[in-house]
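This report goes through a structure chain by chain, then turns to the interface and to local backbone features. The sequence and coordinates come first.

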Amino acid sequence: MVFLSFVNCMRVKGPDKFWKRRQILKLAAHFYGRKRNCYSIAIRSVQKALQHAAYGRKVKKLERINLWKERITAACEELNIPYPLLMENLARCDIALSKKTLADLAIWEPRTFKCLTQIAAAKNQSYPPTVKAALQPPPEGVITRGML
Amino acid sequence: MSHRHLFLQSGFIKTNLQNGVGRFVNQLQRINLIFCKSSGSSKGVREFIETDLVDFARANPGTVVYLKPRRHRGTYMCAEYLNGHKDYITCNNFTRDEVRKWLEYMKNKSGFPIIRLRKHWHTDHPSIQGIWNPFTHKPSYLNVTTFPEKERSEYQPLMPSATEQLLQIAEQVGFLDNSNTNNTTTTTRNTENIPPPLNMSDEK
């Protein structure tokens, strides 16, 4: 008689647990209390921490964009041009400056930013959205030479 | 959260006295090779000393090489840089090739410790036109006025009143003479630099 199915009951030992646990405990090295020393407690905290990190990576980008947008809006308000108008008209002029660059210009290079607002205002003049806007005077100090 | 940053300190990129802007000066001042004359772990270092060390010293005239034979001690190399920073690398059981490569690595480093760079760029002059301050876009006559100023203290409505709108329309269409436009009902800001506000919406 040949016994073939008994072999299926034999189990092989897995990889060394030490290294798997060490990987987790290394991530938990700055946690408080037993969470940094005991594996079965640490694994829970580490998994949660990794979830927070994954979520935070997306949120960080959104928060940054919003911060830049706020800063550009503040700079625009000082120069009496609405933010959507600035962005739309810069896009119309093929001035592809990102929000980050515009925010940096508004802080470090304020006169350049002012020129950009004037360009946007001049472009807005050539594509007036409403009848009333068409009747407004063109912005001062902008020489377009027919390029806009 | 990258776990690489947990114990790695962070900082901003910097160079030693703007090295490389003009002439480039190698930052490695001294290199000490500590080894044992007899033990087996120093074999690679000993071989390196016998073969490649003189070439290294000739190739780097600005760097001083010290050899320290210390009995019954571990093998390591200690690099000292021009800004006073010291770096150690243990060379136990290295091959001659490995010693040479790690020595090259030490030679090519700047003296600053390895940190996570928060920004990969640096400038001493971030602003050319001057950093924005609340007075950047304000008219310069404010420097010589005494406050409170009557004109700037007036109430500035966001939208023109109905009367003003009618007058504007009449003027544009041509019902009014030009002499009648000097009415004081329009409240406009006395701004030298800032244009009048742009209206997004059409109001009738």
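## Domains of chain B

Which domains does the domain assignment give for chain B? In this predicted model, the assignment places domain 1 of chain B at residues 8-117 and domain 2 at residues 162-188. Taken over C-alpha atoms, the centres of domain 1 and domain 2 of chain B are separated by 82 Å.

The loop between β6 (116-117) and α4 (162-173) of chain B contains B:P148. The peptide bond from B:F147 to B:P148 is cis, and its omega is near 0°.

## Fold and extent of chain A

Chain A has six helices and zero strands, and along the sequence its pattern reads α-α-α-α-α-α. Chain A is more spread out than a compact globule, because its radius of gyration is 30 Å, well over the 15 Å that the globule rule gives for 148 residues. Along the principal axes, the C-alpha atoms of chain A fill a box of roughly 100 × 45 × 25 Å.

The domain assignment of chain A gives domain 1 at residues 17-60 and domain 2 at residues 68-130. Here 45 Å separate the centres of domain 1 and domain 2 of chain A, again taken over C-alpha atoms.

## Interface of chains A and B

How many residues of chain B are in contact with chain A? The contact involves 30 residues of chain B and 31 residues of chain A. The size of an interface is often given as the accessible area lost when the parts come together. Between chain B and chain A, the buried area is about 2900 Å². Carbon and sulfur atoms give 58% of that area.

On the side of chain B that touches chain A, the residues divide into 16 nonpolar, 10 polar and four charged.

## Salt bridges

Side chains of opposite charge can pair when their charged atoms come close. Over all chains, a search of the whole structure finds seven salt bridges. A salt bridge joins the side chains of A:R92 and A:E88, with an N to O distance of 2.7 Å. Both A:R92 and A:E88 lie in helix α3 (residues 83-92) of chain A. A:R92 and A:E88 are four residues apart, about one turn of the helix.

## Backbone exceptions

Most residues other than glycine have a negative phi, and most peptide bonds are trans. Where does A:N80 lie in chain A? A:N80 is found in the loop between α2 (39-78) and α3 of chain A. Phi of A:N80 is near 60°, a positive value in a residue other than glycine. In chain B, the bond from B:F147 to B:P148 is the cis peptide described above.

Notes:
Residues numbered from 1 in each chain as written. Chains lettered and ligands numbered in written order. Predicted model: local features only at pLDDT ≥ 70, side-chain atom pairs only at ≥ 80, totals over all residues. Heavy atoms only, no water. Contact = heavy atoms within 4.5 Å. Buried area = accessible area lost by both parts, 1.4 Å probe. Nonpolar A, V, L, I, M, F, W, Y, C, P; charged D, E, K, R; others polar. Domains from an automatic or database assignment. Helix = DSSP H or I, 4+ residues; strand = E, 2+ residues; numbered from the N terminus. Rg over C-alpha atoms; globule rule 2.2 N^0.38 Å. Salt bridge = Lys/Arg side-chain N within 4 Å of Asp/Glu carboxyl O.
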